[in-house]
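Colleague: Could you take a close look at how the helices pack, and at the contacts around them? I would like one connected account, with the cut-offs behind each term.

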Amino acid sequence: MSWQSPVGDWDACGDRFYEKTELYQLGWEVSDFDNQRVCCAREGGPIAVVRDERRIVLVTGGNTRPVLKIFTSAGGVMGALVWDKGSIAGLGWTSANELVVVEVTGEVHMLSMHGKILPKQFSLGQEVANEGITHCIIYPTGLVALSASHTLWSVSGWEDPRPQRLAPMGKGITPPHCIAAIEPAHTLSGCVEVLVATGDHVLIVDADSAQAHAHGQGPLLALAVAPNGSFVASFSEGGRLLVWTADFTKVLSEFETDVTGPPKALAWCGTDSVVVCLEDTVLMVGPYGDCVQYELEGAVHLVPEVDGVRMVTADRHELLRRVPDALQDIFSTGSTSVAATLFDARKMFDEGNAKADEKLRSIVHSLPEAVMNCIAAAGADMDPARQAALLKAAVYGRAFCGAEAVGKLALRDAAMSLRVLNALRSPEVGVPLTNRQLEALTVEGAVQRLVAMHHHFLALKMATAAGTRTDVVLVHWACAKITASQDVPDDKLMAVLEAKLKGRQGMQYAAIAAHARSLGRTSLAASLLDREPRASEQVPLLLNLGEEARALGKAVDSGDPDLVYLALFKMYSARPLSDFLAAISSTKPLARSLFLAYCAKTEPELLEEVLKVQGGHEGLASLRFKEALATAAAAKAASAGTVGARTIRSLDLMQADVLKLIERSADSWGQLRDYGLQSKGAQEMVSLRKLQSDLESETGNACFLGLSAVGTVRQLLRLGNVRGAARVRAELKISDRRFTWLKIRMLGAAKDWEGLEALGREKKLPVGMDVFIAACKAHGAPPATTAKFIARLPEAREKAEEYAAIGMLTEAANAAAQSKDTDMLSAIQGMVGGSSNPLGAAVSQLKDRLSAGVSR
Amino acid sequence: MTSVVPNLDEGPLPLGYIREEARKHLVDALDSRRGKKVLVLDPRVSGFLGLLAEVPLLREHGVEQLLHLGAEPLGDVPARNIIYLARSEIQNAQFIAQHIKTTTKQGGTPHEFAVFFMPRKTTLCEHIFQQEGVFGDIVVGEFPVDFIPFDSDVLSLELPTAFREVALDGDNSSLYYAARALTQLQARFGAFPVIKGMGTSAAVVADLLKRMRREAGSDAPSVGGSALSMLVLVDRAVDPATPLATQLTYEGTVDEMLGISNGVVSMESQGRKERMTLNSTDRTYKDLRDVSFAAVGPRLGTRAKALQSQYKDTKAPDRSLAELKEFAGQLKGLPQLQRHINLTDAVNQQLAKPGMRTRVAIEHSLLEGHGLEAACESIEELMYGEEPLLTVLRLLCLLSFTQGGVPKKWHDGLRRELLHTYGHEHLLTLASLQAAGLLRRQEGGRPAFAALRRSLRLSLPDTDNHEPDDVAYTFNGYAPISLRLVQAAVGGSGWGQINEEGLKALGALHFERRQQDAEEDGSAVPSTSAASAAAGDNTKRRKVVVMFLGG
């Protein structure tokens, strides 16, 4: 492929070059271009064209209604519709490339890029409707409107649009000449700031205040905010072009023209030069007051981009931009840069010129730099032939660099990015992005754009190549396919969709299903949902489709309790109880368990009903037993604060309830294997409570109910009611051993040492002396008492330990000697504190004797 | 005493981000309402909130008053905004609904209510609000904190009823939350190349993890380059013995005797109530926490003596300034040392109580498998002596687990005695323990625990508690099953280190899975590459996350 040097198209402006490149010839069907309202989306987006009703034109033919047409940047038709709504105050594109149409009355409509009206209509309110809009600015994330009474309204965000009134601009304001907006992304406050040129100054208006600046510079007939939001260009009545900082505190540059009256258009070219369209010329003014002039015929629409400005005229679409450094570096006449040398070397190599080698050698030390610059230049160039030539130069140079010197993937990435850019720029697609614009838009953004334009295949290839998410493309494709296949039966359509979607990781089938449902294709939606991997998306939608059983099944599979409950509640309210219960017991046990857990905490009656139906004896028994305990506690609380016959009767009723409930739980437990003890225990509890009630009425002392069996006996013994105690013992079959333990502990706690000793003297005691000793120690009995019990311990070793523990060391030593326990003796020796005192001496003697005995 | 939050970035994984994010969520929740506000805390949240944020931070964001969420009404609230921070549980939703109703009925200044549910808002709670007719009056938000960091290497979900819910109620919610938390951990550090599990709950969690990974699709964290090497999931039901037995390390004993809650122990020291923070930031504690309690006293003594002798040295005239400086630095540890000495004293007093020795002796014979009759008798006598119910229940369950059920001869008698001594209302307790399989009757055959003891070398009575060479020192010669399981999981491929007999005795589902990075087209990566990557990892230190399901 032969290539041409771009230098011929370059124009010098100061020390910089600018180039005007034709992007497309516009063969579109737009008649009378000069009288059209034209609105171009940023970053190579679509173009909306509609007749400008503000101009008086001769309308011929039948329909007097204007037609709104949408084209690609290459002039391809994307959609059209007859605009039968009110007259238009403003047009603009959102960041998602939806067209915003603002009527003079403040009605705001949103259209897809295919000209379909989207269900996102809203209004700026009654006040605006009454007054009408005079100026309107639409930026990608919001809009600003100026009403006839000079009130500014702002809407930020298209999702939940809420018109907000900005600060008043003060009384006696003259009608503004023009307005401009600094987008929220570029302001300190994060809210939109509106620039209003009025009288001889500019007002900066936000939600809280309106401040006047630039006094005496006006009237300013046009304002343009730089793409980075930091600078503002103004064009004043006297033909003076000024560049300001965005806060209007400083004039950065100044340029005089000989034109009075408003310019045709004013826009920024990148962030360092300003383009102003006058009657028949386009002036491009550089940062230092240098300028380039182009001829102009007819109307022009300027679209500022990050690195240049696009110019749309009746028959062509051009890009005016500063020549990127990398290109200037190589192609500028007489360049001796390393990259230019490498490029020449490759050219010579291709021509078979042996000097190629010599050239290459001259830059051998800067080869990596030269290669990288060639790659960068290829990326920046718009011409495929030159791109190829530049990449070839890079490949040539790389062959002579070390393997590590040039990034491994730099060439591959550059080639991929160029393929993407060239595909986007092709007239069939019509998205003329430069590499810097693509960077600003991001690959994901470009993919989304392509998808919205229904270039699904290209979008998929692009996403795959760039390694970004492909599922968005597929989901959009599937939705579009469903929309377009109204007449295709479900199973066929499903097969078509599956062929493309199957095996893709993390496909969002739910989104597709939701779309199918919105078109009324319920069963298709259900089968799509079946394939959704994320239960949190799947279950709610299945519920909306009325598929409760399937939703519950999926929820249970997911293990997410929240989803299970969601399905349960929906099902519970939608079905009769018996159906519902049948359904939850047929799914996995998790649903049933969760429902029971819910009932247990909120609706005990329902729980009982469910358990009865399903024969859950275990649950029923616990439920009734819990109820019994709760009633008993309530009765206790009530009895603590009440007297009087009536309440006593009701208390009796409560107690009767308690017994009844316990009996019923005994029955339920009785139905179960392995719960015999619970059943018997519950019955025993009934007799205990009856006995306690009897005791309370007999003694007139309400201090028994609720005590444990042992507690009751203790209470009776404490009150001296030995007969009662015997009765409880007999009734509950409390063993002799247990009873004796209780008595010993009671005597100890009461410090009744005599009583304890008396008990100790009883014959056939069912407990050992250790129990007595423990009671003594726990309550600080005198050593003499304790010693009596210790003396009766069967084993000498234990004796020694216990004696030692209460400090009776002599006895301890004797006992230790008896049990031949040398370790114990040593321990005692330690306690005594050596053999310096008589006891110590005695102990060591004992020890000696013992060891002698052992050795013998 | 000021509380010291643990330094979370010193451990094997930098966990500080958890606290940072939790603080951010807390501040966001507070700032969501303008002006002064009252913060009502679920007691189960307020406990560990101290680990995440301090009171001044709350004040900075307009909190005038802190209240606890409970059944009783709020009373007169000075601020317009009332913010709740609560676990998403039915009872909490009921309390909050009740509060709103009573406060609204009182009239007076209108209040605005906002509820932040931890770890997420649930259908269940919103359903309750709807049922109670207050849904329209509340703004419901989330406090998305799953793992609570207790130390640089300890995370907890703080779901104390999880075991009961899973074992008894069949409610697997806690397992879902465990999987969710682990998924988030993976999102932070990369996917676990290997997941090993033991027990039914472990399998449930592993399945959930797999599902969540599938749901995340291409967003799922990759295995390659993951900071994590392995996840070991152990179902607590596989080894109930470890928490049933009395802990004998320093940390364990302090917890048993005085109770550590949210990293803080309350004790009485020289007549004063004192709160002491226990985490790895305290160097003394870090060194001693896992030491057998028996060895703590001597070690503290050695440290104190070392300081003392150094102090004597410093008195010598020829000490250099640098040496003095170094000593002064060490002196800073002195109050810390003193506190630990007080703590050991407090623990010793509790240990001296009569039931304690019997308790440890019973446990020992049950775990070692001798003296069964005497052990049963001792348990009975502990009940006669009216030791705390929890002690008795622990021993009964340990008896049941180690013997494959309570011997028939004792089964009814012990339970009857429990009812007689502690009240018949504990019929329910016994029924629940039985239903959960923790307390059952012996059904012939050799108890599996005996086989387990042999196969896993649980019993090492000769372990030196002071200079241990095996974890068996933690229970005085008995190695916890849980730890042997983790050792086996970490030590080789699969559970291969455990022999057939052991696996049979464990009687639990066990598995090993590999997580892989799925390719875009869904084809799996050949397993050889995963294996070689794992082999390559051997050079750097492996990071294994062990999670016990059920506490």
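**Helix packing and charged pairs**

Over all chains, the structure holds 70 salt bridges, a salt bridge being a side-chain nitrogen of Lys or Arg within 4 Å of a carboxyl oxygen of Asp or Glu. This is a predicted model, in which local features need pLDDT of at least 70 and side-chain atom pairs count only at pLDDT 80 or more, while totals for chains, interfaces and linings use all residues. Residues are numbered from 1 along each chain as its sequence is written, chains are lettered from A and ligands numbered from 1 in the order in which they are written, and side-chain values use heavy atoms, with hydrogens and water left out.

One of the salt bridges joins the side chains of A:Lys120 and A:Glu98, at 3.1 Å from N to O. This pair links distant parts of the chain, 22 residues apart, since A:Lys120 lies in strand S10 (residues 117-123) of chain A and A:Glu98 in the loop between strand S7 (88-93) and strand S8 (99-103) of chain A; helices (H or I, at least four residues) and strands (E, at least two) are DSSP runs, numbered from the N terminus.

Turning to the helices of chain A, the axes of H24 (residues 709-718) and H25 (residues 722-732) come within 8 Å and cross at roughly 160°, where axes are lines fitted to C-alpha atoms, for helices over the stretch in contact, and angles run from 0 to 180 degrees between N-to-C directions. That angle makes H24(A) roughly antiparallel to H25(A), because angles over 145 degrees count as roughly antiparallel, under 35 as roughly parallel, 65 to 115 as roughly perpendicular and the rest as oblique. Contact, meaning heavy atoms within 4.5 Å, is made by A:Ala709, A:Thr712, A:Val713, A:Leu716 and A:Leu717 of H24(A) and by A:Gly724, A:Ala725, A:Val728 and A:Leu732 of H25(A). By class, the contact of H24(A) with H25(A) has seven nonpolar, two polar and no charged residues; Ala, Val, Leu, Ile, Met, Phe, Trp, Tyr, Cys and Pro count as nonpolar, Asp, Glu, Lys and Arg as charged, and the others, Gly among them, as polar.

Also in chain A, the axes of H27 (residues 753-761) and H28 (residues 769-779) come within 11 Å and cross at roughly 175°, which makes H27(A) roughly antiparallel to H28(A). Here A:Trp753, A:Leu756, A:Leu759 and A:Gly760 of H27(A) meet A:Met769, A:Phe772, A:Cys776 and A:His779 of H28(A), and by class this contact has six nonpolar, two polar and no charged residues.

In chain B, helix H15 (residues 354-368) and helix H16 (residues 372-384) pack at an angle of about 150°, with their axes 9 Å apart, and are therefore roughly antiparallel to each other. Their contact has six nonpolar, four polar and no charged residues. B:Glu386, in the loop between H16 and helix H17 (389-402) of chain B, has a positive phi near 55° in a residue other than glycine.

Between the chains, 54 residues of chain B are in contact with 55 residues of chain A. The rule finds seven salt bridges across this interface; A:Arg737 forms a salt bridge with B:Glu380, the closest N and O atoms being 2.9 Å apart.
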